[in-house]
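Please keep the sequence and the coordinates at hand.

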Amino acid sequence: MDATALDSLRTALRGRVVTPQDAEYDETRSIYNAMIDRRPAAIAQCTGTADVRTTIASAQETGADLAVRGGGHSGPGLCLVDGGLTLDLSPMRWVRVDPDTGTVRVGGGSQLGDLDHEAHSFGRGIPSGINSTTGVGGLTLGGGHGHLTRKYGLTVDSLIGADVVLADGSVVAASEKEHPDLLWALRGGGGNFGVVTSFTFRSHPVDTVGVAVTVWPVDRTAEVLRWYREFLPSAPEDLNGFFALMTVPPGPPFPEPVHGRKMCAVIWCYTGEPEEGRLEETLSVVNEPAPPAFHFATPMPYPALQTMFDELVPKGLQWYWRGDFFDGIPDAAVAVHERYGHALPTDLSTMHLYPVDGAAHRVAPGETAWAYRDAVWSGVVAGIDPDPANADAVRQWCVDYWTDLHPHSMGGSYVNFLGESEGPERVRSTYRDNYDRLAAVKRAYDPHNFFHANQNIAPSAA
């Protein structure tokens, strides 16, 4: 983009246009994953739909590659393009709750913490991720799962509408009645179809939840996983628990004797009746696989649970991740988890298995773009460390772990857990039989693949 184009963009936008010449450029281009170091020609900080349309038009006129940034949590850094234009939605952080209908409208740059805070004041919530700093947009467009998935389904199962700016600058409202094909594609198809400036969700009753953390020595990984794979799918849907391999961080709620020790763990969320002792009664089974090294349980406001890991993994760490779906955890996979749990390369590196059964299984594979309605877990391996000198080590551990585990998977991954440069076949495997329909929707709404800085779905031939 030449100086004239940049000056025109600055004049037309209400928001700021940040370029390499500006003192705040490095901070503005930084994203959650510090392993990504890309230098866009400009970052257009859009304050509303008019700014979004203007930024799209500028990219079209100049031929600049366009990337869209919501919360900036994209692991592969898809919100930045070297030499291109980043359309930054972060100024569009707002949430509106309708207490009469229970619907919630959310600005395209909002984070989960914004949504949780506003909805909680009405005793409502939406199934989403596990970090309050995650962008609502990226998480939703990928499908979205977290602590409430077994109870209320995926994030996209609560998505009932979206305002979208298309590649030609037109604005459409996608719903079950208007542009239903676009709404279907937005329910898991990623950022392929346009810029979503607002989302409308159906909310659910959520207030205080039971929270528990159970950790066992990593030597007990095999026993715990064999118990977990049988226990959780048969447990009431009020109980969610994701399995993790981790190094125990220093500080509460963990006692000093377990600090710095490699452990396997389950992080529980219970949405059942809050009577005293109900959570403890439900989780009395945690002694069955092996005596825990530590078990902690307490009632907690749902937004507090959502912020529980924020300080542990702040913005600015080195990240590399890969994921897969699983419909079971066979003994051969247990052995892989046990081996790599012992070999965690850094204190923050981890592996999570998120349950995606329960309510999520009551939606047919073709009802949304998310095709793996028969998956029981969405797994992710994440190599993490603050030191750039360890980037190669955490990346290699992640790739090796994923390579050994992949034969025991269902073949595809949650699109938000796809790593950098995994290729078009991996994207296709994410959507199974829904891929061709997504490609047809792409042809209808973005026939020239203008929105391609994403886990790309190419438009099908006419």
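Where is the place of Arg-432? Arg-432 lies in the loop between helix H13 (424-431) and helix H14 (435-445). The model is predicted: local features need pLDDT of at least 70, side-chain atom pairs count only at pLDDT 80 or more, and totals for chains, interfaces and linings use all residues. Residues are numbered from 1 along each chain as its sequence is written, and side-chain values use heavy atoms, with hydrogens and water left out.

**Backbone**
- Most residues other than glycine have a negative phi, and most peptide bonds are trans.
- Arg-432, not a glycine, has a positive phi near 50 degrees.
- Arg-432 is partly exposed at 31% relative accessible area (buried is under 20%, exposed over 50%, partly exposed in between, with a 1.4 Å probe and protein chains only).
- Asn-449 also has a positive phi, of about 55 degrees, and sits in the segment after H14.
- Asn-449 counts as buried, at 18% relative accessibility.
- The peptide bond from Pro-252 to Pro-253 is cis, with omega near 5 degrees.
- Pro-253 belongs to the loop between strand E13 (239-247) and strand E14 (262-270); helices (H or I, at least four residues) and strands (E, at least two) are DSSP runs numbered from the N terminus.

**Helix packing**
- The axes of H11 (residues 331-342) and H12 (residues 391-405) come within 9 Å and cross at roughly 165 degrees; axes are lines fitted to C-alpha atoms over the stretch in contact, and angles run from 0 to 180 degrees between N-to-C directions.
- H11 is therefore roughly antiparallel to H12 (over 145 degrees).

Definitions and conventions:
Angles under 35 degrees count as roughly parallel, over 145 as roughly antiparallel, 65 to 115 as roughly perpendicular and the rest as oblique.
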